[in-house]
Amino acid sequence: MFTLKIKIFVFFLLLILFRFAPLHSQTETGEIPSPKEFSGFTPGADFHIANYTQILSYFRMLDKKSDRIRIEEMGPTTEDRPLILAIISSPQNLLHSQQIIENRRKLADPRTIDKEQAKELLCTGKVLVSINCSIHPKEIGPGQMSMQLAYRLATGNTEEIKTILDNVVVLLIPVHNPDGLDKVAAWYDEYRGTEYEAGPLPFLGQKYCGHDINRDWIALTQNETRLTVEKVYNVWQPHIVFDLHQMGARGARLFLPPYTDPYDEMIDPILQAQMAELGAAVTADLTAAGKRGVANNIKYDAYSPARAYINYHGGIRFLGEIASCRLASPITINPGQFQVTHFFDPAKRSWRQPSPWPGGTWRLANIVDYAQQASLSILRYAAHNRQNWLEQSYRSAIKSVSPGDDKPTFLISPQQHDPFAVCELLKILRRGMVEIYRAKNDFVVDDTNYPAGTIVLPAAQPAGAYLRTLFEVRPYPSVDKNGKSVPVHPYDVTAYNLPLFFGVAAKRTFSKINANLEYLNQIAPLRGRINGTSHGKGYFLEYNSNQAVKVLQWLYDKSTDIFWLADTVRVDGKVFQPGTIWINFSAASLIQKVTNEFSLNLWYADNLKNVKKYRLRKPRVALYQSNVASTDEGWTRYIFETFGIDYVTVKNADIKKGALHKRFDAILLPDQSKKIIVNGWDSSVIPPQFCGGIGLTGVESLKQFVNDGGTLVALNRATSLPIDYFHLHVINATTGFSTSEYNVPGSLLKIIINNTQPLGYGLPKKIAVFNDQSPAFLSSKKETIGSYPGERLLLNGWLDGEKKLIQKSAIVEISMGKGVVILSGCRPQFRALSQGTYKLIFNALIKSSAKKVNFKK
């Protein structure tokens with residue numbers, strides 16, 4: 001009997017051990033090697049950078065050997081490298097990860113649970129912390145650190161590590177921009193030990209948007225940002241995102257929140273307080289550990305949603321900016337070399353910085369160390385304050401979904417200049433987890449009639465803050481300074497209103513919506529159709545939508561006659577405006593693709609024999625690319641490729657060769673100063689093969705290109721090149737003013753468009769343009785395509801010096817020889833957000849190869 005009891009006891013003991021033992025049965029046996037043992041050097045070692053292949057291999061090894069780490073491949077990067085997520089927690093948490101995700105989803109939307117359910121979930125829930133490393137590839141330290149942090153969490157058996165693993169799920173993105181890291185690592189390996197080792201680099205750190213990759217958290221145009229939102233933020237809904245970066249070398253050693261003013265008022269005050277709470281705790285922790293130079297409330301604000309998706313989705317973006325060295329090469333900084341501002345001296349103790357760094361040698365190992373210690377401090381704090389953190393987050397979620405008189409609803413009527421733009425805008429909102437409804441019947445709000453099909457966007461929902469920050473029309477906030485209300489200069493731009501960017505009319509109301517609403521599960525345009533009566537003369541395609549540009553690029557290769565109407569035409573009672581595309585063929589399969597795949601309507605055309613028009617052919621487009629890497633050039637490439645616009649990248653040597661009009665109809669100069677375009681880098685900062693610009697030889701080539709019949713399109717700052725070197729009679733009316741007299745740090749302003757001229761085709765009469773300290777011109781009325789009205793120019797953001805712009809030209813077209821110069825005093829393709837002004841570029845390209853038909857000589 002006693003033996004039987006022992007056997008039963010042993011059986012149940014083995015059962016319990018099997019049930020709760022670490023899940024090594026699913027992993028390889030053997031000791032986990034450290035990063036040094038695996039790669040041959042310690043991450044952060046002088047003169048060594050682990051490239052992405054090395055880092056990826058290490059994490060795949062951890063996935064096999066550790067039951068605390070699971071690697072998920074989110075998808076391909078822009079240049080087709082695997083972007084991975086390392087999920088790190090206790091084996092039991094990993095086993096129940098789907099339940100953790102579901103519990104977080106319920107707490108993030110209190111409408112789905114009652115108070116008792118919420119109480120239970122708050123007792124058992126985990127704090128979800130995402131740690132994002134090195135989205136800017138020259139900021140290599142955090143990415144190198146990721147291996148050390150993962151190793152410590154995978155192998156540590158201290159009570160501290162066990163507490164973290166039991167109470168926290170770590171969502172570690174080891175390298176947020178693998179493409180850029182590999183380029184930087186290759187550059188450093190080639191130039192290590194030279195004056196060129198740390199750059200500047202003659203290429204963008206991300207294929208299309210360079211440094212702006214961390215400004216892409218609204219449109220999510222790039223794989224790196226889109227996959228992060230789709231596979232991490234929207235799935236796990238982390239409470240904390242520790243976004244690790246590096247900054248200049250001559251300031252503090254580490255910045256942590258709280259941020260400087262202004263904070264976006266759409267961020268819940270609870271979340272803002274959590275930022276400050278965590279910042280104070282981590283600063284105290286690091287200071288106690290002897291980490292000097294940790295500072296708060298310097299330089300970085302919390303206003304921009306383009307950098308902080310999670311701030312509007314129930315979590316906090318906790319920024320960490322660490323002082324840089326020369327990539328992996330050490331530097332020495334003496335106290336006299338610190339960069340002092342009017343409110344912060346890195347060498348002095350203050351409330352912003354309790355323990356200044358005294359100066360000395362600063363190396364990559366320091367960056368790795370500060371990044372790792374800050375990460376562990378955050379994880380410790382989250383673990384020890386799990387219950388409180390979850391409760392505060394839940395309170396914020398309750399506020400988000402609660403209706404109230406201060407919660408507006410936004411309405412988008414189906415009657416829009418470009419209905420397809422509405423669809424594109426709604427796709428952004430849906431990716432941002434915004435709940436979208438559509439009215440099934442007509443209704444009246446605030447004495448305005450709205451038809452069935454109106455989009456209804458209530459702010460009382462979990463993602464209501466995100467909706468509001470992208471839809472509210474508001475000036476940039478100001479603070480009192482010496483008794484005067486003045487804006488604080490922003491870290492980034494000041495305008496983010498999506499309807500204005502997209503050219504979509506949206507209305508805000510605080511009234512109740514008395515309509516039958518349906519939830520939109522899928523955002524997709526309706527199929528187009530053919531309208532009217534056949535006259536055997538082809539088809540009309542209205543040009544209001546950017547989608548029509550995609551159709552046009554596709555049609556160029558179909559060996560058919562395509563025209564732009566230059567006159568207003570009436571057919572079967574419908575009026576077609578100048579810019580309407582006449583497709584003079586009747587192939588059924590091609591027509592079906594326009595209506596079904598491009599989702600655009602067509603109308604039967606009539607006899608246009610005597611109507612003024614432009615015969616269209618594919619333009620030969622060149623896009624200038626300087627060795628001084630330009631994000632504006634990169635975004636332009638992205639937009640060209642998105643819309644199917646064929647182009648050739650031309651460098652300095654290509655421009656200097658001359659005979660440009662034999663190869664191109666249009667050349668576009670992106671937003672860069674004339675000094676950069678003409679002179680480029682000099683040999684003191686970059687290897688000789690990357691030095692110089694187009695030089696005066698290139699300037700003459702561009703001038704001859706225009707005289708020979710080419711179209712030169714200059715954007716924003718690049719307009720100064722043709723104005724000054726071509727001796728145009730146009731004057732930049734904003735030249736010579738200080739920022740106290742004229743200041744537009746990225747704002748949306750109103751201009752009036754002459755849409756009867758080709759450059760204005762397809763645009764409404766009034767549009768919002770993105771002005772980023774942009775020029776405005778004194779030019780003749782005949783040359784003006786877009787101009788500022790007489791008052792109330794500011795639509796969203798910040799504008800000082802309105803009088804400098806009033807009734808000045810923003811877009812001008814100047815004849816020169818046989819060709820034209822087009823000056824764009826704005827950024828019409830800004831970060832792929834300003835879709836309502838893309839046509840200011842598209843039309844210039846289309847017109848460059850168009851031929852007049854039926855125009856009087």
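Helix α3 passes helix α7 in a left-handed crossing. This is a predicted model. In it, α3 spans residues 52-65 and α7 spans residues 141-155. The two helices pack at an angle of about 15 degrees. Their axes lie 10 Å apart. Angles under 35 degrees count as roughly parallel, so α3 is roughly parallel to α7.

Next, the residues that make this contact. From α3 come Ile55, Tyr58, Phe59 and Leu62. They meet Gly143, Gln144, Ser146, Met147, Ala150 and Tyr151 of α7. By class, the contact of α3 with α7 has 7 nonpolar and 3 polar residues. It has no charged residues.

Rolling a probe the size of a water molecule over the atoms shows where empty space is left. The count comes to 4 cavities of 30 Å³ or more.

Start with the largest cavity. It holds about 90 Å³ of space. Its lining consists of 13 residues. Nearest its centre lie Tyr233, Val241, Asp243, Arg307 and Arg317. The lining of the largest cavity divides into 7 nonpolar, 3 polar and 3 charged residues.

The second largest cavity holds about 50 Å³ of space. Tyr259 and Ile267 are among the residues that line it. By class, the lining of the second largest cavity has 6 nonpolar, 2 polar and 3 charged residues.

Note on methods. Residues numbered from 1 in each chain as written. Predicted model: local features only at pLDDT ≥ 70, side-chain atom pairs only at ≥ 80, totals over all residues. Heavy atoms only, no water. Axes fitted to C-alpha atoms, helices over the stretch in contact; angles between N-to-C directions. Helix = DSSP H or I, 4+ residues; strand = E, 2+ residues; numbered from the N terminus. Parallel < 35°, antiparallel > 145°, perpendicular 65-115°, else oblique. Left-handed = near helix turned anticlockwise from the far one by under 90°. Contact = heavy atoms within 4.5 Å. Nonpolar A, V, L, I, M, F, W, Y, C, P; charged D, E, K, R; others polar. 1 Å grid on protein atoms, 1.4 Å probe; cavity = no way out; pocket = protein on both sides within 12 Å on 5 of 7 lines; lining within 4 Å. Points joined across faces, edges and corners; volume = space filled by probe spheres on them.
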